[in-house]
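Please open the structure in your viewer and keep the selection tool at hand, as this tour goes from one selection to the next.

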2 protein chains.
Amino acid sequence: MRFLAACRCQPVDRTPVWFMRQAGRSLPEYRAIRGDGSILKAVANPDVAAELTLQPVRRYGVDAAILFSDIVVPLAAIGVGIEVEPGRGPVLDQPFRREADLSRLRPIEPELDLAPVLETIRLLRAELDVPLIGFAGAPFTLASYLVEGGPSRTFGRTKSLMHGDPATWHRMLDALAENCLASLRAQASAGAQALQLFDSWAGSLSRREYRDFVMPATRRIFAGLSDLGVPRIHFGVGTGELLDLMAEAGADVVGVDWRVSLQDAAERTGRHLALQGNLDPAICLAPVGVVEDAARQVLKDAAGLPGHVFNLGHGVLPETDPGVLQAVVDLVHEESVR
Amino acid sequence: MRFLAACRCQPVDRTPVWFMRQAGRSLPEYRAIRGDGSILKAVANPDVAAELTLQPVRRYGVDAAILFSDIVVPLAAIGVGIEVEPGRGPVLDQPFRREADLSRLRPIEPELDLAPVLETIRLLRAELDVPLIGFAGAPFTLASYLVEGGPSRTFGRTKSLMHGDPATWHRMLDALAENCLASLRAQASAGAQALQLFDSWAGSLSRREYRDFVMPATRRIFAGLSDLGVPRIHFGVGTGELLDLMAEAGADVVGVDWRVSLQDAAERTGRHLALQGNLDPAICLAPVGVVEDAARQVLKDAAGLPGHVFNLGHGVLPETDPGVLQAVVDLVHEESVR
């Protein structure tokens, strides 16, 4: 279980490796099963979701599986009215804009609302011989979809609500945090052996915004997981300026993207946490020799870290050649032998 | 001319302020003139372009005008086959993917190819009593549009070419740098009193990528402008990890976004350059009192800088209330009296 050991900053025989969105459109076997239907439909079918989770583990020999699901699944499950448009992302017909919208965020009852997800986890634990990672979207990132009504580059409406009506903002983030915590605890109970919190868009925030408007809710989630003894991974993109705060929020492992070297990230997170990253998924579209050199550089930059989980700095791009990812897995395993 | 003085780190009576994309859809008088036509058509009409440049200066009393134009104008002018789709951005029917495509990047002849732009500058100098800023897109940002064929979140094809065929990449960036330099020199000859280089998407790069694949071309542009004695501004978004290199590339003023405080940015750029920024344009959608507090914080963070030009960290969002920007201009002028 080198993945769990690395998360806990314990000795490992080799550096563990997995890829965010390793189950995805880059795999022909994935496209064959998924077709063009909604991801939410696939997630609702435990046999399909389990098979999609297993595909990259079988193909690549990665050191962890990540549950095939989506960060908006709990929102869809409580009837918020959110869909995932292929090629676009989560969209809402009726975005959250005012206090009254908060009534649509009812408390989640995981055993009922997330029954298929939990069933998928139970199926997978019977099949897998590597650890299974459960996950959830962090309150800020989920709130951004609720408020914007879809993906955004600027988060203008989100920040407008955050600053213009902080009471509503905090109530929204608290409600999201409660559901997030309930979902993650239920996933762990069902068998998830590590938990990743995706605050994918936190990098759009200033330090002040993160500290005052986001960190309190995030911190409560990590604190609420601490009794489980399950490694907690905290991930975002473009978060170089926030890494110290993201570490402080209570994770065991902090995700780092390619903009910050692992050594700099270790400095910023206090050199006592494991780091996960940080190969640029865009580089994985280059010829395999280039990708291998970049992967070697990541291993080199990881020298002396208390713990390192090799990953990309963001999800696998759909155009990625699976052969390239295979080469990365093999290289990491071969060249990181202790 | 407090704007030029601040760029040169000379004493000023008040902090100068202007806004990136101050001429834009947020202004009713802009929408009345522009309608729904192509921006390239508006740029090609000097009377229209001059009027659009003047509108925000008249309305807000900002301390600088920025030429109404677009970073892809020189590419369109040499016949690359690029259009600007409203609401989407620059798009190419035939993206650049291989060495043979470089033949489409012919050297620009500014007096011919950019005749309307230079005429606009001449018209404006006769009208303006604040300095006029000319500008160009930086080689990396322009290359990303050429290679991706449109806006991108990941820059996968761009990085694939960069790493996979560095010879073609460097030839492309060199050609873009030559045209960029020629365009900027011609703008200065026509009367532009400061020049801003927009490397808007440089923040997607790792330090290594920036240093090896982007900085050499950028550096040549700034060096090629040094004899003009015109302040050179270097701008990008999400460039916290690159600020030292962007300063090293040869600018007089470095643009900073809201992710990095002005004090941190001053540390990273060596405390000898002027800084421009760094109010978050998304915050400008919040109630005016919130925006004023945020603007005050920017002024506070700017204390002791060698030079400070107040601006946003990126362009004005189309949904922005002009009254809010007016309040920011007035606040900066009133509360920064030396």
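Against which elements of chain B do the buried residues of H15(B) pack? They pack against helix H4 (46–60), helix H14 (288–301) and strand S9 (308–312) of chain B, where contact means C-beta atoms, placed from the backbone, within 7 Å. This is a predicted model, in which local features need pLDDT of at least 70 and side-chain atom pairs count only at pLDDT 80 or more, while totals for chains, interfaces and linings use all residues. Residues are numbered from 1 along each chain as its sequence is written, and chains are lettered from A and ligands numbered from 1 in the order in which they are written.

Select residues 322–335 of chain B, which form helix H15; helices are DSSP runs of H or I with at least four residues, strands are runs of E with at least two, and both are numbered from the N terminus. Within this helix, colour B:Val324, B:Leu325, B:Val328, B:Val329 and B:Val332, which are buried (20 or more other C-beta atoms within 10 Å of their own; exposed means 12 or fewer, partly exposed in between, with C-beta atoms placed from the backbone). Looking down the axis of H15(B), you will find the buried residues within an arc of 145°, so they line one face; the arc is that of the directions from the helix axis to the C-beta atoms. The face turned away from them carries the exposed B:Gly323 and B:Glu334.

Next, select B:Asp293 in helix H14 of chain B, a residue that is partly exposed, with 13 other C-beta atoms within 10 Å.

Key
Expected span 1.5 Å × (residues − 1). Contact = placed C-beta atoms within 7 Å.
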